[in-house]
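Here is a short walk through one structure. Keep the sequence and the 3D view side by side as you read.

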Amino acid sequence: MVRVLFVCLGNICRSPTAEGVFRDLVRREGLQATIKSDSCGTSDWHIGDPPDARATAEALRRGIRIDDLKARQISTADFADFDYVLGMDNQNINKLTALCPQAYLSKVQLFLDFAPEVNLREVPDPYYGGDDGFSNVFDMIEAASNGLLADIRKYHIDV
Ligand code: 4NP
């Protein structure tokens, strides 16, 4: 089993979108018994909340449902439990590396580094912007999800 954790600040915009997009990809590839994913926030601000309505609407527009997801906060146990701990931006990465036990630091990576074709390393925070921010974010997340699956196939599963 390969386990992936997507992390942002609030766990209501970027990381639940990433979880939904990647979960859909994994299901379409028939790998749901092999790859598990989850998401969380570095903050405790939205614990128990569903994704932001704008994120849910953008995902639905692309044929993906994320309305079943509920925000939670990162815990130190996550670094042992997951193989990939993927931050959306450098602020997330700084928080994660501060919390992460030394032995697991190599698991902490910027999610967009799996999409070198995207000319950004950080997924911009769409929370305070307009709806088009959510569409841009979705495109980046789709690209990085494909790159992430390719990485998992290369290093973890021979399929
Ligand atoms: P996310 O976006 O980190 O992508 O979930 C945010 C959600 C909430 C807040 C900031 C960013 N907030 O300030 O409550």
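Exposed means over 50% relative accessible area, buried means under 20%, and partly exposed lies in between, with a 1.4 Å probe and protein chains only. Helices are DSSP runs of H or I with at least four residues, numbered from the N terminus. This is a predicted model, in which local features need pLDDT of at least 70 and side-chain atom pairs count only at pLDDT 80 or more, while totals for chains, interfaces and linings use all residues. Residues are numbered from 1 along each chain as its sequence is written, and side-chain values use heavy atoms, with hydrogens and water left out.

Look next at the two ends. At the start of helix 2, a side-chain oxygen of Asp 52 reaches to within 2.8 Å of the backbone nitrogen of Arg 54. This is a polar contact: a pair of N or O atoms within 3.5 Å; within protein, one must be able to donate a hydrogen and the other to accept it, and residues adjacent in sequence count only if both atoms are side-chain atoms. Just after helix 2, Gly 63 takes a positive phi of about 85°.

Move on to helix 5. It spans residues 131-155 and holds Ser 145. Why does Ser 145 count as buried? Its relative accessibility is 1%. The side chain of Ser 145 reaches the backbone oxygen of Ile 141 at 2.8 Å. Beyond its neighbours within four places in sequence, Ser 145 is in contact (heavy atoms within 4.5 Å) with Ala 18, Val 21, Phe 22, Leu 25 and Phe 111.

An oxygen atom of the ligand is 3.0 Å from a polar backbone atom of Ile 12. In the side chain of Asp 125, an N or O atom is 3.3 Å from a ligand oxygen. For the side chain of Tyr 128, such a distance is 2.8 Å. The protein covers 94% of the 360 Å² of accessible area that the ligand has on its own, by the Shrake-Rupley method with a 1.4 Å probe.

Note on methods:
Helix = DSSP H or I, 4+ residues; strand = E, 2+ residues; numbered from the N terminus.
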